[in-house]
Amino acid sequence: MKKIALIGIIMLAIGLRFWQLGEVPVSPDWDEAALGYNAYSILKTGRDEYGTFLPRALRSFDDYKPPLYVYLAVPSVAVFGLNTWAVRLPAAVMGVFAVLGTYFLVAELFKQPHIKTKKRISEFSTQALSLLTAFLLAISPWHLQFSRIAFEANTGVTFNIWGLVAFFRGLQSLPWMAASAFFFGLSLYAYHSERIFVPLLLLIVSVVCRKELFADRRKLLIGIVVGLLTVLPLLPVVLDKTSVTRLKGTSTLSDATGLLMRSVAKLDDDQKVGNEIGTIFDNRRIVYAKTLLDGYLSHFSLRWLFLVGDNDRHHAPDNGLLYFWELPFMVWGIFSVWRRGGRAAMVLLSWVLVAPLAASPTSETPHAIRTLVILPVLQIFIASGVMEFLTHTKKYYEKRRTVFVWVPAGVLVTAVFLNILFYFHMYYVHLNHEYSKFWQYGYAQAVEYAESHKAKYEKIVVSTALEQPHMFFLFYTKYDPVKYLASGGTSSGGFAEVKNRFDMYEFRPISNWAKELHDGSILYIGSPRELPGDAYTITYLNGDDAMRISE
Amino acid sequence: MKRFTWYHGILLGIIAVAAFVRMVNLGTNPPAISWDEASIGYNAYTISTTGRDEHGTFLPLDTFAAFGDYKPPVPVYLTVPFVALLGLNETTVRLPSALSGVLTVLVLYLLVLELFRTAKHAQALGLVAAGVLTITPWHIMLSRAAFEANIALLFLVTGIWFVLKARESPVFFYVCWLPFVLGIYTFNSTRYAGPLIAGALMVIVYKSAMAAKKQVLAGLVIACIVLVPILPHLVSKQARLRFEEVSIFTDLRTVLMSNTRRHIDNFSWFSSALHNRRVGYAREYFIHFFDNLEPRFLFIKGDGNPKFSIQDTGQLLLVSAPFIVYGWLTVFRDYPVIAMFLLWWLLASIAPTAVARETPHALRIENGLPVYMIVTAYGIVMSVVALRKSRIRSVLFTVYCLLFIGNFAYFWHNFMSHYPKEYSGEWQYGYKQAITLAKAHKNEYDTIVLTESIGRPYIYALFYEQYPLKRFEETRDASFDAAGFYNVYGFGAYRFTKEGVGAYTGKTLYILPPKDVPLGVHIIETIRLLNGTAVLVAFE
């Protein structure tokens with residue numbers, strides 16, 4: 001029974017993750033295109049678009065992407081070719097493994113019996129809880145969103161889950177401990193947030209399980225050795241100054257002038273009247289601390305989690321990151337896990353508290369990707385809440401089978417079902433139509449047009465106002481990486497972006513349409529704002545203009 | 001009467017602090033009175049001198065028409081004695097709210113004592129709750145201006161305390177519903193939150209109420225009788241107009257979106273169900289609902305309107321955040337029924353306000369403020385008593401006190417030293433100075449033209465001139481517009497305009513915003529905000 005249920009859940013997870021994988025979201029965004037083309041480039045040449053041999057950090061758009069995903073995409077691109085589906089495949093596979101891992105993780109976490117059995121705590125079956133949690137993760141809008149696109153974060157989550165499963169098993173067995181260290185090591189290669197989150201998570205579980213961990217020093221030793229060996233190649237990257245650059249680029253604290261404007265004015269006033277206590281309160285460090293806390297606390301917004309989400313690329317229209325029906329169960333679940341105490345409570349509650357840390361100093365808070373590491377804890381809470389609810393209402397639905405039981409139960413089940421249906425409908429049907437803009441739709445059509453008409457022209461100019469167009473053109477033309485690197489590869493940094501060119505494509509701003517050469521030898525592709533007048537127009541799926549093509 | 005003990009001493013200390021932070025510099029910080037305060041003040045003034053409001057209605061019991069916003073009556077009547085005895089000025093207008101704020105601290109203590117009467121640490125809980133309320137920015141800000149909500153909160157807390165008290169002394173059942181009724185006469189959102197909370201209380205005191213049927217019934221009859229005068233207004237057209245003006249349900253975008261989506265789904269039957277506009281509106285409603293629970297609103301920046309928050313602290317103290325979390329967990333563990341009631345209280349205070357577009361709204365959801373205080377107190381007390389050793393207990397408690405006092409000091413410094421200067425513009429600053437100037441030069445001019453740029457100048461002119469109602473009624477040029485708002489274009493020598501210089505009879509004194517001042521005129525005085533920005537210019 002248990003096995004059938006688990007297989008069913010895995011089938012469901014596969015179905016939801018693989019169905020229309022290349023079509024929903026409708027097109028790859030720039031990061032997906034970049035990961036795809038770099039995987040292709042590494043496959044063909046061993047080098048990325050800049051010519052770096054087997055990079056340990058993918059320079060890409062100067063955001064220095066963590067390397068794991070691109071290497072996972074290499075075999076997929078090798079087998080299925082360079083297309084959206086192939087680039088997204090590793091994320092979908094990892095998503096399915098996360099669902100499976102969650103089943104084992106819950107089993108490990110709740111294996112331990114109650115420390116003290118207190119009254120009013122209902123016993124619930126660990127097995128049902130594991131299955132329910134895995135099911136909730138399988139249908140989770142948050143997890144599904146990032147299992148179906150080539151973003152790095154999802155891979156990290158899977159390794160966190162398996163790392164923990166292996167850790168708990170590793171308390172009794174050496175090989176599992178080595179596996180745990182390896183998985184956690186890998187997750188550092190997966191995503192930036194992991195580099196802050198994983199050490200904290202390890203600290204939490206080491207403290208919680210300190211007795212078992214330190215009972216056998218060999219386990220500790222093998223864990224540390226394997227872990228260090230795994231992350232050794234990454235160390236130069238992490239310690240490199242580029243990681244500081246990225247931190248600065250994404251941090252709220254880097255805009256000091258805007259941030260401190262009010263406090264500087266106040267400080268002036270304090271000094272004028274000689275208010276010394278005031279000069280302490282209006283100190284910039286307090287402003288910094290408050291800004292960080294604001295970023296941290298913003299992730300405990302129910303509005304964000306359950307209703308609106310953040311960036312439109314991070315959720316389906318009119319949906320948050322969790323189902324609305326899950327809210328009361330999550331609250332109840334947090335309470336019940338806390339009440340139950342023991343290892344599960346300590347690990348899960350501290351996990352929730354440290355998960356937003358990596359995202360707190362960044363400028364876009366709350367942020368669904370940087371806090372993706374919180375999965376699957378919220379699903380565990382929700383599942384616990386549902387179990388508590390079922391236990392508490394048992395005496396009604398088991399004994400008194402009256403209309404007063406069946407009607408509310410029916411209403412509740414229908415509401416939950418409709419909520420889930422609404423999400424799936426919005427995701428699979430309406431997301432493309434409403435959000436094609438955020439998925440940078442239009443490049444496939446533009447490239448197709450350019451390639452079929454290119455014989456007529458000497459040169460094709462693509463506007464950089466379209467945001468990293470060279471990457472999309474490389475991706476869709478499947479331009480030979482050998483030729484690309486031979487012609488110099490990508491130039492980037494500062495204003496070098498405008499120098500990008502390959503084949504007969506040139507990428508630069510089209511700042512003044514009137515001044516361009518209109519003799520029919522050059523084809524221009526640009527944004528609707530740049531190319532006025534008569535032009536071939538590519539529209540987003542909701543009908544708005546996306547790109548214009550003209551001579 | 002119980003003997004005076006140490007905790008009475010602490011309570012007195014707390015109330016003294018509460019009174020100090022709510023009343024020091026009351027007339028000058030916030031730096032000016034808002035138009036609503038001026039309106040309450042002037043109506044209280046005309047009531048005390050003539051028994052009529054500014055529109056000439058004799059002792060209105062249901063509502064004061066005021067600007068056409070139909071203000072609830074109780075706050076005006078509470079202001080009457082202060083204005084009658086101490087004169088019409090900023091301080092007297094604000095005193096009812098400030099005093100309500102001080103009394104709320106006391107009544108909250110009594111309420112907590114009653115709520116947790118079986119608990120071992122009831123005294124500590126009551127004192128900590130009162131202490132935290134005393135220094136919470138949310139309550140201080142709303143106590144320091146004539147906000148109806150703050151007076152309504154006192155009634156609400158008193159009502160809850162009375163009902164809980166009635167469990168022991170059934171005689172309270174006669175009067176315990178009256179504060180809720182007074183709340184209905186005091187503030188709009190209390191009209192919904194009050195009855196919702198009272199209903200939940202009925203469930204809690206069900207047993208005691210069954211044992212005292214006579215008192216309960218009599219009390220309800222009394223409450224209903226007192227409610228009669230305002231009932232026609234509650235169902236009137238004016239009340240509905242005000243509601244529709246702020247309602248999210250009049251937003252057409254939701255309907256348009258639903259139509260677009262149904263079109264894409266080829267108008268299939270399931271699409272009509274999923275993309276029903278009611279689903280869209282329900283989602284909107286919950287978004288507005290949860291706006292009020294945003295961490296930034298509660299702990300970091302507060303309400304976006306600087307009238308309700310100084311923008312440097314949240315509505316609550318930042319240090320209370322962990323205690324609120326711990327408090328909810330522990331109160332649900334120890335007293336599930338009380339915890340359910342507190343949760344209901346909080347949700348019932350937000351629920352009616354979430355139909356409005358402006359969210360979060362610190363004023364409209366103030367009814368739920370005591371819940372945060374009680375939960376914070378519970379978290380603090382439980383985290384202290386969880387420790388066994390009394391020495392560590394007192395060290396920890398001292399640390400907590402320092403944290404709260406430090407956080408409060410941060411608020412207090414910003415409020416006292418920087419708030420007036422930074423946000424005087426938000427408080428319609430400038431009209432007082434303009435009217436004072438006009439008064440001084442009154443005899444030299446035939447007409448005084450005052451701009452409407454800051455908002456509703458007529459009420460400031462009436463307020464600071466202490467203009468007799470009779471002369472106002474005789475000379476005013478005023479009308480209600482189509483949206484139901486009351487516009488005054490002039491009275492006496494005053495003319496109010498949105499335009500610049502125009503054709504006015506006789507020698508004219510203009511007080512207009514800087515952008516409307518023509519070149520080469522004789523400038524008499526420039527009125528500046530406290531941050532130095534010129535806001536009004538007086539010229540001939």
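Student: Before we start, how are residues and chains labelled here?
Tutor: Residues count from 1 along each chain as its sequence is written, and chains are lettered from A in the order in which they are written. The model is predicted, so to speak, with cut-offs: local features need pLDDT of at least 70, side-chain atom pairs count only at pLDDT 80 or more, and totals for chains, interfaces and linings use all residues.

Student: OK, how many helices and strands does chain B have?
Tutor: There are 24 helices and seven strands in chain B. Those are DSSP runs numbered from the N terminus: helices are H or I with at least four residues, strands are E with at least two.

Student: And why call chain B as compact as a globular protein of that length?
Tutor: Because its radius of gyration, taken over C-alpha atoms, is 26 Å, close to the 24 Å from the globule rule for 540 residues. That rule is 2.2 Å times the number of residues to the power 0.38.

Student: New topic: what order do the strands take in the sheet?
Tutor: The open sheet of chain B runs β2-β3-β4-β1-β5-β7-β6, with mixed pairing. Two strands pair if DSSP finds at least two bridges between them.

Student: Which ones are the edge strands?
Tutor: β2 (477–480) and β6 (523–528) of chain B, each pairing on one side only.

Student: So how do β6(B) and β7 of chain B pair, parallel or antiparallel?
Tutor: Antiparallel, over five bridges, with β7 covering residues 534–539 of chain B.

Student: What stands opposite Glu525(B)?
Tutor: Ala538(B), in β7(B).
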